[in-house]
Amino acid sequence: MRWRHNLLGISWVDSSWIPILNNGSVLDYFSERSNPFYDRTCNNEVVKMQRMTLDHLNQMVGVEYILLHAQEPILFIIRKQQRQSPTQVMPLADYYIIAGVIYQAPDLGSVINSRVLTAVHGIQSAFEEAMSYCRYHPSKGYWWHFKDEEEREKTKPKAKKKEEPSSIFQRQRVDALLLDLRQKFPPRFVQQKPGEKPVPVDQIKKEPEPVPEAVKTEEKETVKNAQSAGAKGPPEKRMRLQ
């Protein structure tokens, strides 16, 4: 079964044994067939079948279970060990029984692995939360935006902003496009005065513009005439003959 590969996350209890648990009966309670922590190929099972005492375990070689520590009636610690000789054993696992519930004690590697995973999870959560407050815009760059600032902005009275119909960039671009279209497609009809019908551009008579030199000479002549008239004065009155 899958739970036999990792027994650190499970527990086992038989409520009928809890009132009679003591130093003499705790190993029998641990050797129940439904207990997933118990190995039926151990020397304890051989001694039990041959109706021998537990003292014969010291003379055997193989896996065995012993009562390592007892604090009646709450706490019992049982050790699984590999016996290689009457004086040499190698611990394999420890199990503790608290109020009748059996748990497997974690080894040092499992404890360190669990603590490291817990620390990494906390650091990763902190980085994820920090990244959720980070904002970026091509024109502004990076900045922090916290939830407290959002609440403050919500409580502040919002000032009405005057929205312009168009920006300078949009107007300049539109004017450039309109000028380009006007040069490519010149108008065919022109309305000279409001309310009048449009007239084709070809029918409009263009008045000849005065030559600059002729305009200058005319202006000079008018100026000279005015000066001469001012110098002579008004004409004299002739006497009437009666």
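Author: This is a predicted model. Start with Arg 79, which forms a salt bridge with Asp 94. Their closest N and O atoms are 3.0 Å apart.

Reader: Where do Arg 79 and Asp 94 lie?
Author: Arg 79 is in strand S3, and Asp 94 is in strand S4, residues 88–98. The two are 15 residues apart in sequence, so the pair ties together separate parts.

Reader: Is Arg 79 buried, exposed or partly exposed?
Author: Arg 79 has 22% relative accessibility, so it counts as partly exposed. The cut-off for buried is under 20%.

Reader: And what about Asp 94?
Author: Asp 94 comes out at 24%, so Asp 94 counts as partly exposed too.

Reader: OK. How many salt bridges are there in the whole structure?
Author: A search finds three. Another one joins the side chains of Glu 64 and Arg 83, at 2.9 Å from N to O.

Reader: Which strands hold Glu 64 and Arg 83?
Author: Glu 64 sits in strand S2, residues 62–71. Arg 83 sits in strand S3, residues 75–85. They are 19 residues apart, and the pair links distant parts of the chain.

Reader: Are those two buried or exposed?
Author: Both Glu 64 and Arg 83 are buried.

Reader: What's left?
Author: Asp 180 with Lys 184. Their closest N and O atoms are 3.8 Å apart.

Reader: Where does that pair lie?
Author: Both residues are in helix H5, which covers residues 168–184. Asp 180 and Lys 184 are four residues apart, about one turn of the helix.

Reader: How accessible are Asp 180 and Lys 184?
Author: Asp 180 has 34% relative accessibility, so it counts as partly exposed. Lys 184 has 55%, so it counts as exposed. The cut-off for exposed is over 50%.

Reader: New topic. Where is Ser 31?
Author: Ser 31 is in the loop between helix H1 (26–30) and helix H2 (43–49).

Reader: Is Ser 31 buried or exposed?
Author: Buried. The relative accessible area of Ser 31 is 10%.

Reader: What does the Ser 31 side chain reach?
Author: The backbone oxygen of Asp 28, at 2.9 Å.

Methods
Residues are numbered from 1 along each chain as its sequence is written. This is a predicted model: local features need pLDDT of at least 70, side-chain atom pairs count only at pLDDT 80 or more; totals for chains, interfaces and linings use all residues. Side-chain values use heavy atoms; hydrogens and water are left out. A salt bridge is a side-chain nitrogen of Lys or Arg within 4 Å of a carboxyl oxygen of Asp or Glu. Buried means under 20% relative accessible area, exposed over 50%, partly exposed in between (1.4 Å probe, protein chains only). A polar contact is a pair of N or O atoms within 3.5 Å; within protein, one must be able to donate a hydrogen and the other to accept it, and residues adjacent in sequence count only if both atoms are side-chain atoms.
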